[in-house]
Amino acid sequence: LKALKSGDWILLDEMNLASQSVLESLNACLDHRGEVFIPELDMTFKVQMQSRLFACQNPLQQGGGRKGLPKSFLNRFTQVFISPLTTEDFLFITTSLYPTFPSDLLKTMVMFNQKVEAIAREAGNTAWEFNLRDVLRWCDLLQKYQTPYFKDPGMFVELIYVSRLRTPDLRLKVRTLFEVVFSCSSDNPLYPPPTALGSHFHVNRKMLQVGYSTFSRGNFHS
């Protein structure tokens with residue numbers, strides 16, 4: 001509301017997750033009325049001529065709860081379609097953000113992420129996707145919790161990938177995929193296999209450890 005009154009540029013994300021009431025309010029901003037009514041205030045505010053609205057949304061099949069927007073509403077925008085990121089895009093972004101990571105490691109992490117996404121899609125998962133965000137989370141964790149001289153990508157595979165899958169068969173398939181992609185052979189492993197989160201649980205009087213996170217305990221008495 002403040003941005004509309006000030007004539008600022010506004011970016012609306014996840015447009016096809018908006019409620020009907022939000023869409024109706026936006027329609028009033030974009031048509032001949034050029035105003036927005038706030039029922040809680042019982043007031044109407046005019047949209048400044050220099051205001052610009054930009055809206056983003058993901059395809060309907062990505063994630064739950066998305067709905068197709070009316071064509072009459074979409075026609076109020078100039079529509080631009082962005083192609084999905086390619087492998088080269090993934091590598092360009094990751095190598096730019098994490099220049100100290102070995103290039104072969106980043107290539108393998110990107111390849112693994114894409115193969116996990118393919119497995120999830122084949123199993124009928126449409127609630128979410130494994131994408132660049134997951135690769136960046138993975139890199140962030142490796143950078144924060146491991147030395148710059150050796151990276152063990154298997155340490156966070158359970159957290160980022162395996163634990164999000166719903167069936168034991170899928171989880172086993174992803175663990176096996178990691179061992180294949182990262183050459184975790186028993187004779188001469190390049191990287192250790194992923195560590196199950198359940199094997200890292202410890203509690204004493206001072207701290208609680210769950211996986212790779214530790215929490216200090218307070219002085220509570222039962």
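I started with the fold and counted eight helices and seven strands in the chain. Both are DSSP runs numbered from the N terminus, helices being H or I with at least four residues and strands E with at least two.

Ground rules before going on. This is a predicted model, where local features need pLDDT of at least 70, side-chain atom pairs count only at pLDDT 80 or more, and totals for chains, interfaces and linings use all residues. Residues are numbered from 1 along each chain as its sequence is written, and side-chain values use heavy atoms, with hydrogens and water left out.

**Whole chain.** I looked up burial next: 32% of the 222 residues are buried. Buried is under 20% relative accessible area, exposed is over 50%, and partly exposed is in between (1.4 Å probe, protein chains only). The chain exposes about 14800 Å², with 57% of that from carbon and sulfur atoms; the areas are Shrake-Rupley with a 1.4 Å probe, and for residues only the protein chains shown count as cover. Of the contacts (heavy atoms within 4.5 Å) with a separation of 6 or more, 57% join residues 24 or more positions apart.

**Cores.** Which residues touch the most other members of the largest nonpolar core? I got Met 109, Phe 112, Trp 138, Tyr 161 and Phe 182, in a core of 32 residues. A core here is a set of buried Ala, Val, Leu, Ile, Met, Phe, Trp, Tyr and Cys residues joined through side-chain atoms within 4.5 Å. Helix 4 (87–97), helix 5, helix 6, helix 7 (157–160) and helix 8 (168–181) each put in at least two residues. Helix 5 gives the most, with eight. Leaving out residues up to four places away in sequence, Met 109 touches Trp 138, Cys 139, Leu 142 and Phe 182. There is also a second, separate core of 14 residues, which includes Leu 4, Met 15, Ile 38 and Leu 53.

**Phe 130.** I found this one in the loop between helix 5 (103–122) and helix 6 (132–145). Is Phe 130 buried or exposed? Phe 130 counts as buried because its relative accessible area is 3%. Its contacts, again skipping residues up to four places away, are Asn 113, Val 116, Glu 117, Ala 120, Ile 160, Tyr 161, Arg 164 and Leu 165. Phe 130 and Tyr 161 sit 31 residues apart in sequence, with 8.1 Å between their C-alphas.

**Helix 2 and Asp 31.** I listed the buried residues of helix 2 as Leu 23, Leu 26, Ala 28 and Cys 29. They pack against helix 1 (2–6), strand 1 (9–12), strand 2, strand 4 (52–55) and helix 3 (71–74). Asp 31 lies in the loop between helix 2 (20–30) and strand 2. At 16% relative accessible area, Asp 31 is buried. I also noted a 2.5 Å polar contact between the side chains of Asp 31 and Arg 33. That term means a pair of N or O atoms within 3.5 Å; within protein, one must be able to donate a hydrogen and the other to accept it, and residues adjacent in sequence count only if both atoms are side-chain atoms.

**Glu 14.** Glu 14 has a positive phi, near 55°, and is not a glycine. Most residues other than glycine have a negative phi. Glu 14 counts as partly exposed, as its relative accessibility is 24%.
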